[in-house]
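The following note sets out comments on the model under review.

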Amino acid sequence: MIVRIIIDLFLILGCFFAFAGVVGLLRMPDSFTRMQSSTNIATFGVLWTVLGVAIYAFANQNFVFGIKTLMIGIFIVLTSAVAGHAILKGGYKHGIRPSNLVVDEYRRDNPNE
Amino acid sequence: MKNKSAAVFATFILCYLVWILFTLTFTAQELIVGAIVSLLVALFTANYFIHEDAFYLLKPNVLINFIIYVLFIFPVELWKANVDVAKRALSPKLPINPGIVKVPVDLKSEYGLAMLANSITLTPGTITMDIVEENGQNFYYIHWIDVASKNSKEAGDMIKGRLENWIRRIWK
Amino acid sequence: MIEFVYVGIFYVLLALILLYRVFKGPSVVDRAVAADSIDILTAVALIVFSVFSNRSIYLDIALVLAILGFLGTVLIARYLEGRL
């Protein structure tokens with residue numbers, strides 16, 4: 001019973017952070033800040049839910065499920081870092097310049113890109 | 001020559017470990033196919049994957065620092081940044097102040113630079129954009145959702161926080 | 001554990017809401033980021049559903065979905081950067 005309460009807590013936390021990320025992705029005003037909100041989905045929106053599922057699997061002596069679930073969660077988190085970095089740089093070089101940047105030192109140092 | 005075979009061996013061990021953790025069926029055919037595929041992948045990618053000492057991460061004090069960093073130091077920073085960005089997204093006034101700042105970083109090793117850059121990208125609110133080297137000093141360009149300081153030294157202290165000191169204990 | 005069904009449905013609903021950003025998004029970066037987020041949310045929903053129904057085939061589908069989402073995003077990024 002206590003395990004079930006812990007699992008519910010983890011699932012609620014994961015759902016909350018995923019919801020916050022989706023709301024940010026819909027509300028933010030420009031491309032790069034939307035990208036920041038999507039990091040919210042890819043880290044805690046995944047990790048808490050995956051941890052809850054893994055605890056459920058381990059509590060039922062289902063170790064194959066638990067280890068595989070944890071591995072997929074870690075894989076998603078690690079690859080989302082690389083994807084976010086790549087698409088920010090790609091978008092900047094493609095010519096996306098949000099108008100509300102208060103300081104842009106990349107433009108100052110590389111003015112002709 | 002010895003260096004290259006050590007690099008291939010380390011990559012093979014890593015690939016085989018990942019294969020076993022993803023399949024988790026210990027029959028003979030799965031293990032043999034996994035060994036062959038891991039060996040092929042290791043032969044082709046070891047040159048890109050390992051540039052320095054192949055078994056550096058297995059030294060005891062480095063390994064202990066690495067585990068402490070992954071399990072305790074980084075999740076605390078991740079929690080703080082996640083709550084901060086979730087508050088910003090859900091609050092009605094949308095308090096954002098974005099900008100791209102240039103931040104100095106005092107790491108020399110390639111793996112250390114990549115690890116710090118990925119840690120900064122994973123914490124919501126900051127995304128690393130590029131790494132440049134000028135006169136022996138490395139710089140990051142970071143997109144920051146709330147520019148609190150335009151001075152690059154102060155901004156670096158606020159963004160990196162405790163992460164850089166811990167990574168300097170792992171990679172020189 | 002009936003909660004797993006509710007959590008899975010919640011994640012799928014979030015993914016459906018994100019389709020709005022894919023259709024409307026002013027630039028191609030917005031569409032790519034929203035599609036990547038849809039991939040991740042669907043993979044998590046598949047994980048939850050596989051544990052609920054106790055069939056491990058959904059875990060493999062979730063893994064393939066995560067890998068394809070990552071590869072697609074990196075490919076779009078390289079194309080936008082002009083180095084493909």
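Is Asn135(B) buried or exposed?

1. The model is predicted, and the comments below should be read with that in mind. Asn135(B) is exposed, with a relative accessible area of 85%. The residue sits in the loop that joins β2 (126–134) to β3 (137–144) of chain B. Most residues other than glycine have a negative phi.

2. Leu24(B) is not a glycine, yet its phi is positive, at about 60°. It is placed in the loop between α1 (2–23) and α2 (28–49) of chain B. With a relative accessible area of 15%, Leu24(B) is buried, whereas Asn135(B), at 85%, is exposed. Leu24(B) is also among the residues that Lys68(A) touches.

3. Chain A is built from four helices and zero strands, in the order α-α-α-α from the N terminus. Its radius of gyration is 19 Å, well over the 13 Å that the globule rule gives for 113 residues, so chain A is more spread out than a compact globule. The C-alpha trace spans about 60 × 25 × 15 Å along its principal axes. Of the 113 residues of chain A, 58% count as buried. Among its contacts with a separation of 6 or more, 53% involve residues 24 or more positions apart.

4. The chain carries 9 positive and 6 negative side chains, and the centres of the two sets are 7 Å apart.

5. Chain B contains six helices and three strands, arranged along the sequence as α-α-α-β-α-β-β-α-α. Its radius of gyration is 20 Å, while a compact globule of 172 residues would have a value near 16 Å. The C-alpha trace of chain B spans about 60 × 40 × 30 Å along its principal axes. Buried residues account for 44% of the 172 residues. Of the contacts in chain B between residues at least 6 apart in sequence, 71% join residues at least 24 apart. Its accessible surface is about 9400 Å², with 67% belonging to carbon and sulfur atoms. The 16 positive and 14 negative charges of chain B have mean positions 4 Å apart.

6. Chains A and B share an interface in which 38 residues of chain B are in contact with 43 residues of chain A. The area buried between the two chains is about 3800 Å², and carbon and sulfur atoms give 71% of it. Phe22(B), Ile100(B) and Met129(B) supply 17% of the area that chain B buries against chain A, more than any other three residues.

7. Why does Lys68(A) count as buried? Its relative accessible area is 9%, and buried means under 20%. Leaving aside residues up to four places away in sequence, Lys68(A) touches Leu21(B), Phe22(B), Thr23(B) and Leu24(B), together with Ser56(C), Leu59(C) and Asp60(C).

8. Chain C has three helices and zero strands, and its elements run α-α-α from the N terminus. Its C-alpha trace spans about 50 × 25 × 10 Å along the principal axes. Of its 84 residues, 45% count as buried. Residues 24 or more positions apart account for 43% of the contacts in chain C with a separation of 6 or more. The chain exposes about 4200 Å², of which carbon and sulfur atoms supply 73%. Its 6 positive and 6 negative charges have mean positions 9 Å apart.

9. Within chain C, Arg21(C) lies in helix α1 (residues 3–24). At 4% relative accessibility, Arg21(C) counts as buried. What does Arg21(C) touch, not counting residues up to four places away in sequence? In chain A the residues are Leu25(A), Leu26(A) and Arg34(A), and in chain C they are Pro26(C), Arg31(C) and Ala34(C). Arg21(C) is 20 residues from Leu41(C) in sequence, and the two are 15 Å apart in space, C-alpha to C-alpha.

Technical notes: Residues are numbered from 1 along each chain as its sequence is written. Chains are lettered from A and ligands numbered from 1 in the order in which they are written. This is a predicted model: local features need pLDDT of at least 70, side-chain atom pairs count only at pLDDT 80 or more; totals for chains, interfaces and linings use all residues. Side-chain values use heavy atoms; hydrogens and water are left out. Helices (H or I, at least four residues) and strands (E, at least two) are DSSP runs, numbered from the N terminus. The radius of gyration is taken over C-alpha atoms; the globule rule is 2.2 Å times the number of residues to the power 0.38. Buried means under 20% relative accessible area, exposed over 50%, partly exposed in between (1.4 Å probe, protein chains only). Contact means heavy atoms within 4.5 Å. Lys and Arg count as positive and Asp and Glu as negative; His and the chain ends are not counted. The place of a charge is taken as NZ of Lys, CZ of Arg, CG of Asp or CD of Glu. Buried area is the accessible area (1.4 Å probe) that two parts lose on being put together, summed over both. Accessible areas come from the Shrake-Rupley method with a 1.4 Å probe; for residues, only the protein chains shown count as cover.
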